[in-house]
Amino acid sequence: MADATQDFFRSLARRGHDRRLTAIDEGSVRFDIDRGGQVDHWLVAIEKGDITVTQQATGGDAVVRADRAVFDRIASGEAYFLTTVLRGEAAVEGHPRLFATVRRLFPPPPAAGTMRSRGGDDG
């Protein structure tokens with residue numbers, strides 16, 4: 001079975017640079033992903049668009065906490081990061097500007113037509 005969370009962080013590490021993130025002079029976000037009582041920690045550091053990803057439990061100017069199933073949906077594009085936060089499915093703390101910028105790392109939200117078809121009843 002594919003591991004959307006690990007695939008997401010590995011692809012970020014390979015990306016190396018993302019011009020959409022050049023507004024961040026320097027900052028980092030730690031992702032704490034809970035898998036049934038064990039927590040995986042991923043630290044994404046950004047400096048003028050350059051991305052570094054490490055697995056570590058400390059650090060971060062901001063922190064995202066989510067259950068593995070929720071983060072798998074975010075990482076695979078099935079759920080929108082901001083929506084999961086607003087619903088309380090993921091928690092964030094720290095510098096708001098980082099979250100506004102870092103959300104660009106995630107796949108785009110599902111198309112409206114796709115969301116309607118998943119709901120089953122279009123009207």
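Let me start with R68, which is buried, with a relative accessible area of 15%, where buried means under 20% relative accessible area, exposed means over 50% and partly exposed lies in between, using a 1.4 Å probe and protein chains only. Please keep in mind that this is a predicted model, in which local features need pLDDT of at least 70 and side-chain atom pairs count only at pLDDT 80 or more, while totals for chains, interfaces and linings use all residues. Residues are numbered from 1 along each chain as its sequence is written, and side-chain values use heavy atoms, with hydrogens and water left out.

R68 meets D72 side chain to side chain in a salt bridge at 3.4 Å, N to O, the term being used for a side-chain nitrogen of Lys or Arg within 4 Å of a carboxyl oxygen of Asp or Glu. These two residues are four apart in helix α2, which separates R68 and D72 by about one helical turn; D72, at 23% relative accessibility, counts as partly exposed.

The whole structure has 10 salt bridges, and another of them joins D32 and R65 at 3.7 Å, N to O, linking strand β1 to strand β4 across 33 residues.

Let me turn to the nonpolar core, meaning a set of buried Ala, Val, Leu, Ile, Met, Phe, Trp, Tyr and Cys residues joined through side-chain atoms within 4.5 Å. The largest one has 29 residues, and those with the most contacts inside it include F8, F9, V44 and L105. Its largest share, four residues, comes from α2.

Finally, helix α1 has T5, F8, F9 and L12 buried, and because they cover an arc of only 90° around the axis, they lie on the same side of α1; that arc is taken over the directions from the helix axis to the C-beta atoms. Their cover includes β1, β2, β3 and α2, with contact meaning heavy atoms within 4.5 Å. After α1 comes G16, whose phi is positive, near 75°.
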